[in-house]
Every structure is written in structure tokens, then in C-alpha cells.
Amino acid sequence: MLKCDRLTAYYDAARILFDVSFELDANRSACLLGRNGVGKTTCLRAIMGLMAKRSGAVSLEGQPIQTLPAFRIAQLGVGYVPEDRRIFPDLTVEENLQVGERRNEGGISWTLERSYAMFPALHEFRLRQGGYLSGGQQQMLTIARTLMGQPKLLLIDEPTEGLSPLIVETLVEAILELKREGLTMLLAAQDMQFASQVADQIYLMNRGAIVYSGTPDSLKHDTDAVTANLAV
């Protein structure tokens, strides 16, 4: 589904990513795991075409996308859930969802009804403006709005950051349901417990590079990798 080969990205003259390479098969989920500032967000942004300066190869279902603008990558079926959510604060929940709506073209068929079924709180507050939602509710709204675009690949950046354990549990259940339905996902996270719950494969990042690749179970037993790259 997704392949990155020696992906490199810069902010102005500062090099942030160093030859990041990995593959994500269809109907699978993977997590870029690491401390804050190691390049996880930059990697997602580079895949999505949001970095002005990048090199290397990125392909989606065998089609090169590294030279395409972000809107074309989205049209090909890549949905992006940014860490800062970027909802429309003056629109209601339902209007936010409708903004993201797109006809199904082979991905998961997503509707308002399915969004409300997955996140009942959104139905309860469907007439409330987005700016008056809690952080957890905004995160649910952002994910649901992205799903309304019928993606075949979903990129999710730090979905649990700053949220209560109860909201995190709701998001985990939603992500696991999407996995069961066959949606391919690449997540970025700092929480090893969260990553272990939702990912089939973990790519541990440090200083802009992937320093470890394995399953959640294998990482749990590799205490040296965990201590060196996750311990604060």
C-alpha cells in the first residue's frame, strides 16, 4: 500500500528526516513511535506532500507520489489527521463532517450515520460549534471528518496527546474497529502502550531516523531499544 524509500525532509536548511525507509501493507496498521521532536510529524507531513523540501521516494499502491501536491495525494485516497486537529471552530459538528464528505471511490464507505455510531458524543453535540468542544471531542471530530473523505490510507498524528484515559480508550476502540474493517493506517505516537494496542508493526524513531523495526511484542522484550529511545 505505502512505501517510503530513503525519505528525507528539511525545514529551511535544517535536515529533519534522514533516509527513512519502510513499507506498510494494505489492511495493516503501523506506528511511528518516539519521543517528541524525533521526526514523526515531519514524516507524516512529508508523505502527505506538506513539506516544501524533501527527497527520496514515496509510493502509494505502486504509484509514485513524492512529487505530487497534498491535494492530489488526498484525491488518491490518503487521509491526514493532524496533531492540531484544525477543525472549523465556527461550524457545527455536523457542518464540519459535511465539509469533509466525499463520494466513495473504493475505500470504506463512510457517512454521517457511521460517524455518529462510532463516536456517539458527536451525535449528541452535532449542532454545537466545533470551537466549544472539548479536546477529546475535537479529536473524534477530526478523525470522523477525515473518514468522511473515504480514505484508503489514514495518517494519524499523535491522536492521544493531552487526552484523558477515558477518551484514549474510546479512540483505541475506534481505531481497532477501523482495523477490523480493513482500513490501512499509519500513526505517530509517543505512548508505547497505545502503539502496542493498535499497531501490527512499530517503527521506533530517534533523531529523524528509524532505529528499530518490529512487532509490539518484540519491542516489549527489547529493553535496550526502549531505554535508549523512549526513556526520558
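## Before you start

Because the model is predicted, local features need pLDDT of at least 70 and side-chain atom pairs count only at pLDDT 80 or more, while totals for chains, interfaces and linings use all residues. Residues are numbered from 1 along each chain as its sequence is written, and side-chain values use heavy atoms, with hydrogens and water left out.

## The nonpolar cores

Let's start inside. A nonpolar core here is a set of buried Ala, Val, Leu, Ile, Met, Phe, Trp, Tyr and Cys residues joined through side-chain atoms within 4.5 Å. Buried means under 20% relative accessible area, with exposed over 50% and partly exposed in between (1.4 Å probe, protein chains only). The largest core has 44 residues, and the members touching the most others are Leu97, Phe119, Leu122, Leu154, Leu178, Met185 and Leu187. Helix H7 (residues 165-180) is the top contributor to this core, giving seven residues. Helices (H or I, at least four residues) and strands (E, at least two) are DSSP runs, numbered from the N terminus.

Apart from that core lies another, made of 31 residues, including Val38, Tyr80, Leu153 and Leu155. As for Leu122, once neighbours within four places in sequence are set aside, its contacts (heavy atoms within 4.5 Å) are Val93, Tyr116, Gln137, Met140, Leu141 and Ala144.

## A helix tucked inside

Helix H1 (residues 40-47) is largely enclosed by the rest of the structure, because seven of its eight residues are buried. Those are Lys40, Thr42, Cys43, Leu44, Arg45, Ala46 and Ile47. After H1 comes Gly49, with a positive phi near 80 degrees.

## One aromatic pair

Rings of Phe, Tyr and Trp (its six-membered ring) pair if their centres lie within 6.5 Å; planes under 30 degrees apart count as stacked, over 60 as edge-to-face and the rest as tilted. That rule gives one aromatic pair: Phe22 and Tyr203, tilted, 5.1 Å centre to centre with 40 degrees between the planes. Phe22 belongs to strand E2 (residues 14-24) and Tyr203 to strand E9 (residues 201-206), so the pair ties together parts 181 residues apart in sequence. Both Phe22 and Tyr203 are buried.

## Around strand E9

E9 is mostly covered, with five of its six residues buried. Strands count as paired if DSSP finds at least two bridges between them. Strand E3 (residues 29-33) runs parallel to E9, joined by four bridges, and Cys31 has Ile202 in E9 as its bridge partner.

E9 also pairs with strand E10 (residues 209-214), this time in the antiparallel sense over five bridges. E9 and E10 form a hairpin with two residues between them, and Arg207 in the turn has a positive phi of about 50 degrees.
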